[in-house]
Amino acid sequence: PLLGSIPPGAEWLNDLPGPGNDHDVTYAEDEVLHDEIHLGAHVGIVIGKKGATIISMQRATGTKMHVDQARRVLEIEGTKRQLEHVKKRIGRLLTRVEAQVQKTAAGW
C-alpha cells in the first residue's frame with residue numbers, strides 16, 4: 001500500500017477522531033459501553049436471593065452486570081440501548097423499594 005493510504009478492510013480508520021477527521025464522534029449502535037449505578041443501601045435488593053434478580057435482569061436486557069459491594073455500585077456492560085433499559089429497570093426497582101420502606105416507616 002502507498003504511504004498514507006488505508007489498508008483494505010481498515011476503512012473504519014476514517015471514523016477515528018484526529019487530524020483530518022473533524023466530524024463528531026458517534027457510537028455505533030452495537031458498541032459495548034460501560035456504566036455504573038450507585039446503589040447505596042440497596043445492594044442486596046439488586047442482587048436478589050441467590051443472585052436471582054441480577055441474573056434475571058442480565059438475561060432480560062442482554063447486559064453483563066457486576067455488583068461492587070465495597071463501592072456499593074452496579075457495573076453494567078452493554079450497548080447504549082441496553083444500558084438505558086437497565087437504568088430504567090433499576091430505577092423502577094429502587095422506587096418500589098423506597099415506597100415500601102416509607103409505607104413501613106409510616107406504619108402502613
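These questions and answers go through a predicted model of one protein, from its overall layout to single residues.

Q: In what order do the helices and strands of the protein run from the N terminus on?
A: The protein has three helices and three strands. Read from the N terminus, these elements follow the order β-α-α-β-β-α.

Q: What is the order of the strands in the open sheet?
A: The sheet is open and has three strands, with antiparallel pairing. Strand E1 (33-38) and strand E2 (64-68) are its edge strands, as each pairs on one side only. Neighbouring strands are turned against each other by 20° on average, direction ignored. The strand order is E1-E3-E2.

Q: How many bridges join E2 to strand E3?
A: Strand E3 covers residues 73-78 and runs antiparallel to E2. Among the pairs, Met65 has Ile76 as its bridge partner in E3, and His66 has Glu75. The number of bridges joining E2 to E3 is five.

Q: Which residue in the turn of the hairpin formed by E2 and E3 has a positive phi?
A: Four residues lie between the two strands of this hairpin. Most residues other than glycine have a negative phi. The residue in the turn with a positive phi, about 60°, is not a glycine; it is Arg72.

Q: Is Arg72 buried, partly exposed or exposed?
A: Arg72 lies in the loop between E2 and E3. Its relative accessible area is 37%. Buried means under 20% and exposed means over 50%, with partly exposed in between. Because 37% falls in that middle range, Arg72 is partly exposed.

Q: Which strands does helix H2 touch where it packs on the sheet?
A: Helix H2 spans residues 52-61. Its direction makes about 150° with that of E2. The strands that H2 touches are E2 and E3.

Q: What angle does the direction of helix H3 make with that of E1?
A: Helix H3 (residues 80-105) also packs on the sheet, where it touches E1, E2 and E3. Its direction makes an angle with that of E1 of about 10°.

Q: How far does H3 reach from its first C-alpha to its last?
A: H3 has 26 residues. At 1.5 Å a residue, the expected span is 38 Å. The span in the model is close to that, at 37 Å.

Q: Which residues of H3 are buried?
A: The buried residues of H3 pack against E1, helix H1 (43-47), H2, E2 and E3. They are Leu83, Val86, Ile90, Leu93, Leu94 and Val97.

Q: Which element gives the most to the largest nonpolar core?
A: This core has 17 residues, and those with the most contacts inside it include Ile37, Met65 and Ile76. E1, H1, H2, E2, E3 and H3 each supply at least two of its residues. The element that gives the most, with six residues, is H3.

Q: Is Thr79 buried or exposed?
A: Thr79 lies in the loop between E3 and H3. Leaving aside neighbours within four places in sequence, Thr79 is in contact with Glu29, Asp30 and Glu31. Its relative accessible area is 14%. The limit for a buried residue is under 20%, so Thr79 is buried.

Q: Is Lys50 buried or exposed?
A: Lys50 is found in the loop between H1 and H2. Its phi is positive, about 55°, although Lys50 is not a glycine. Its relative accessible area is 81%. An exposed residue has over 50%, so Lys50 is exposed.

Q: Which residue with a positive phi follows H3?
A: The phi of this residue is near 85°. The residue is Gly107.

Q: What share of the residues in the protein is buried?
A: The protein has 108 residues. It exposes about 8200 Å², of which carbon and sulfur atoms supply 55%. Buried residues make up 26%.

How values were computed:
Residues numbered from 1 in each chain as written. Predicted model: local features only at pLDDT ≥ 70, side-chain atom pairs only at ≥ 80, totals over all residues. Heavy atoms only, no water. Pairing = 2+ DSSP bridges. Axes fitted to C-alpha atoms, helices over the stretch in contact; angles between N-to-C directions. Contact = heavy atoms within 4.5 Å. Expected span 1.5 Å × (residues − 1). Buried < 20%, exposed > 50% of the residue type's maximum accessible area, 1.4 Å probe, protein only. Areas by Shrake-Rupley, 256 points an atom, 1.4 Å probe, with all protein chains shown as cover. Core = buried A, V, L, I, M, F, W, Y, C linked by side-chain atoms within 4.5 Å.
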